[in-house]
Amino acid sequence: MIAPLLSPAVSDRIHPKSIARKKVLIVDDHPMIRLGMVSLVSDQPEFVVCGEAANAQAALQVMRDQSPDIALIDINLPGANGLELIKLMLAERPKLRVLVVSMHDESLYALRSLRAGAKGYLMKAEALEHIAPAIRQVAAGDIYVTPRFRDRLVFQAIQSLEGMGSPVD
């Protein structure tokens, strides 16, 4: 009889069975993008893809059927756009974490996405390198935007405060 390479106790430490994997829904109208996102997400041991959708109506149905923890949503969708979908999803599932993954530059849609209820915004051009940390950050309840956009938001906040007068005046 050949012994297993790893004892069950060692195997469980490497791939713990008790880790609750976060369920991820991927919403994008391009099949190739969805396939790539499924691959990127599936490579992460703490996440499992529970469904895919090409439009808002299908996304809502998958959300109702699968109860994902996190939704990755594109802005451009047939029918209702991604911003409308975020609002619809959060109206039904307020604890759902949403990360927008879009081809559009952050300057166009990141703030709108956050105002709609998303917890993060990632441009598709940066997704390969940043998707896993972005999902982890959003899953933890934090907001994810690139450092460049975060700096811009801080600068804008400071600029708007300057019109209120100096706190030392």
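A: A residue is called buried here when its relative accessible area is under 20%, and in this predicted model D74 is buried because its relative accessible area is 3%. D74 sits in the loop between β3 and α4, and its side chain makes a polar contact with the side chain of K124 at 3.4 Å. Apart from neighbours within four places in sequence, D74 is also in contact with V27, D28, D29, G82, V101, S102 and M103.

K124 leads on to helix α6, which spans residues 124-139. Although α6 has 16 residues, its end C-alpha atoms are only 19 Å apart, short of the 22 Å that a straight helix would reach at 1.5 Å a residue. A kink of about 80° lies at H130, shortly before the proline P133, and after the helix comes G141, with a positive phi near 95°.

The buried residues of α6 are A127, I131, A132, A134, I135, V138 and A139, and what covers them includes α2, β2, β3, β4 and β5. One of these residues, V138, is in contact with V98, which is among the residues with the most contacts inside the largest nonpolar core, a set of 29 residues. To that core β1, α3, β3, α4, β4, α5 and β5 each supply at least two residues, whereas A127 and I131 belong to a second, separate core of 19 residues that also includes I26 and L122.

Notes. Residues numbered from 1 in each chain as written. Predicted model: local features only at pLDDT ≥ 70, side-chain atom pairs only at ≥ 80, totals over all residues. Heavy atoms only, no water. Helix = DSSP H or I, 4+ residues; strand = E, 2+ residues; numbered from the N terminus. Expected span 1.5 Å × (residues − 1). Bend = angle between axes of the 7 residues up to and from the residue. Buried < 20%, exposed > 50% of the residue type's maximum accessible area, 1.4 Å probe, protein only. Contact = heavy atoms within 4.5 Å. Core = buried A, V, L, I, M, F, W, Y, C linked by side-chain atoms within 4.5 Å. Polar contact = N/O pair within 3.5 Å; in protein donor to acceptor, adjacent residues only side chain to side chain.
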